[in-house]
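Dear colleague,

Please find the structure below, with its sequence. My notes on what was found in it follow directly after.

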Amino acid sequence: MKITAVEAIPFAIPYAKPLKFASGEVATAEHVLIRVHTEDGIVGVAEAPPRPFTYGETQAGIVAVVESLFAPQVTGLRVTEREVARARLGRTVGNPTAKAAIDMAMWDAFGKTVGLGVSELLGGYTDRLRVSHMLGFDEPAAMVAEAERMIATHGIRTFKVKVGRRPVDLDIAVVRALREAFGDGVELYVDGNRGWTPAESMRAMRRLADLDLLFAEELCAADEVLGRRWLVGHLDVPFIADESAVTPADITREVLGGSATAISIKTARTGFTGSQRAHHLAEGLGVEVVMGNQIDGQLGTACTIAFGAAHQRTSHRAAELSNFLDMTDDLLTEPLLITDGELRVRPGAGIGVEIDPDKLARYRTS
Ligand code: MUC
Ligand code: MG
């Protein structure tokens with residue numbers, strides 16, 4: 001069970017269609033594959049997606065922090081000593097996706113060691129989740145066409161619409177066009193990635209009031225402390241804290257401060273161990289949870305489904321599990337498949353995935 005080595009391997013896989021949103025754009029998945037090796041010959045895997053516009057991490061920075069600080073701190077631990085790993089890694093501030101990937105690779109190695117799936121080990125509530133697809137910035141007709149394709153090809157009927165552009169009219173036109181095209185046969189919610197001020201958010205939400213939205217996510221920044229509290233207090237839909245609520249302390253501050261009424265859990269930034277803390281806290285606070293997507297590849301998505309399906313609260317809403325569909329390729333031997341709008345937990349031990357060595361050789365950049 002002892003960890004003998006931790007590798008951080010950068011790779012790059014282009015997107016067929018870049019995802020654009022208020023805080024940035026992703027055209028290539030420049031992620032880092034983390035491999036945790038144990039003395040028994042087990043290899044646990046996970047991926048870290050650098051999101052400089054959200055957490056300040058870069059691909060080179062993730063490789064450097066893992067190789068120089070984190071690998072030596074976890075080498076020699078048993079894969080069950082995740083709390084020790086968390087405490088040691090926690091001495092370094094920031095670097096959420098690098099820390100999360102090490103945690104998830106340790107869980108993967110643990111599951112493979114004992115021959116059980118991580119989703120079972122975490123709670124085993126269900127074996128599948130409904131899928132929500134994220135629609136990035138484009139013209140209204142193109143965003144409607146993408147939703148149509150997702151419905152026809154994958155049976156997906158929940159859409160998170162990226163908003164936060166100026167003037168707000170284009171985003172409002174998109175949401176209205178989606179509701180007109182699909183009626184109440186689809187669920188819709190919006191994510192502003194901090195693009196608007198509180199006042200702009202309020203005006204936009206008033207103009208969207210008749211469109212039966214499920215949620216509004218991170219429309220304005222949490223730093224707009226009083227403005228955001230005022231906005232959230234006036235909305236009649238839950239307001240999801242995403243990038244503003246990563247740690248338990250962030251979540252507590254946002255919810256008890258009246259600046260959020262739901263949270264997004266992303267395994268890419270809190271791993272399984274930190275996501276459990278966020279989940280239990282959300283239960284204690286009595287707020288809804290949506291499983292979010294950090295623009296993950298298939299490996300990251302397999303982690304999200306493993307965690308989301310493990311608990312009742314994270315299984316209630318459709319989970320964001322489809323960003324990988326826009327990648328030109330991926331690293332897994334067996335691709336994930338969304339059918340009838342659902343994604344199933346991978347069978348098998350650990351996270352239930354294998355890395356294809358030929359694909360890794362093709363896409364690794366060092
Ligand atoms: C999301 O939910 O915001 C875009 C930026 C980021 O940090 O995550 C994605 C999706
Ligand atoms: Mg978001």
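I begin with the loop between strand S5 (158-162) and helix H6 (169-182), where Pro167 is found. The peptide bond between Arg166 and Pro167 is cis, with omega at about -10°. Please bear in mind throughout that this is a predicted model.

Glu218 is placed between strand S7 (216-217) and helix H8 (225-234). Although Glu218 is not a glycine, its phi is positive, at about 40°.

As to annotation, the unreviewed UniProt entry assigns residues 140-238 to "domain: Mandelate racemase/muconate lactonizing enzyme C-terminal". In the model, the chain over residues 140-238 is 49% helix and 12% strand.

I turn now to the ligand. Ligand 1 sits in the largest cavity. There are 13 residues around ligand 1, and those that come nearest are Thr54, Lys160, Lys162, Asn193 and Gln294. Sorted by class, the shell consists of six charged, four polar and three nonpolar residues.

- Lys160: a polar side-chain atom lies 2.7 Å from an oxygen atom of ligand 1.
- Thr54: an N or O atom of the side chain is 2.8 Å from an oxygen atom of ligand 1.
- Lys162: a polar side-chain atom lies 3.0 Å from an oxygen atom of ligand 1.

On its own, ligand 1 has 270 Å² of accessible area, and the protein covers 100% of that area.

With kind regards

Methods. Residues numbered from 1 in each chain as written. Chains lettered and ligands numbered in written order. Predicted model: local features only at pLDDT ≥ 70, side-chain atom pairs only at ≥ 80, totals over all residues. Heavy atoms only, no water. Near = heavy atom within 4 Å. Polar contact = N/O pair within 3.5 Å; in protein donor to acceptor, adjacent residues only side chain to side chain. Areas by Shrake-Rupley, 256 points an atom, 1.4 Å probe, with all protein chains shown as cover. 1 Å grid on protein atoms, 1.4 Å probe; cavity = no way out; pocket = protein on both sides within 12 Å on 5 of 7 lines; lining within 4 Å. Sits in = over half its atoms within 2 Å of the grid points. Nonpolar A, V, L, I, M, F, W, Y, C, P; charged D, E, K, R; others polar. UniProt positions renumbered as here; feature names shortened; annotations may be inferred. Helix = DSSP H or I, 4+ residues; strand = E, 2+ residues; numbered from the N terminus.
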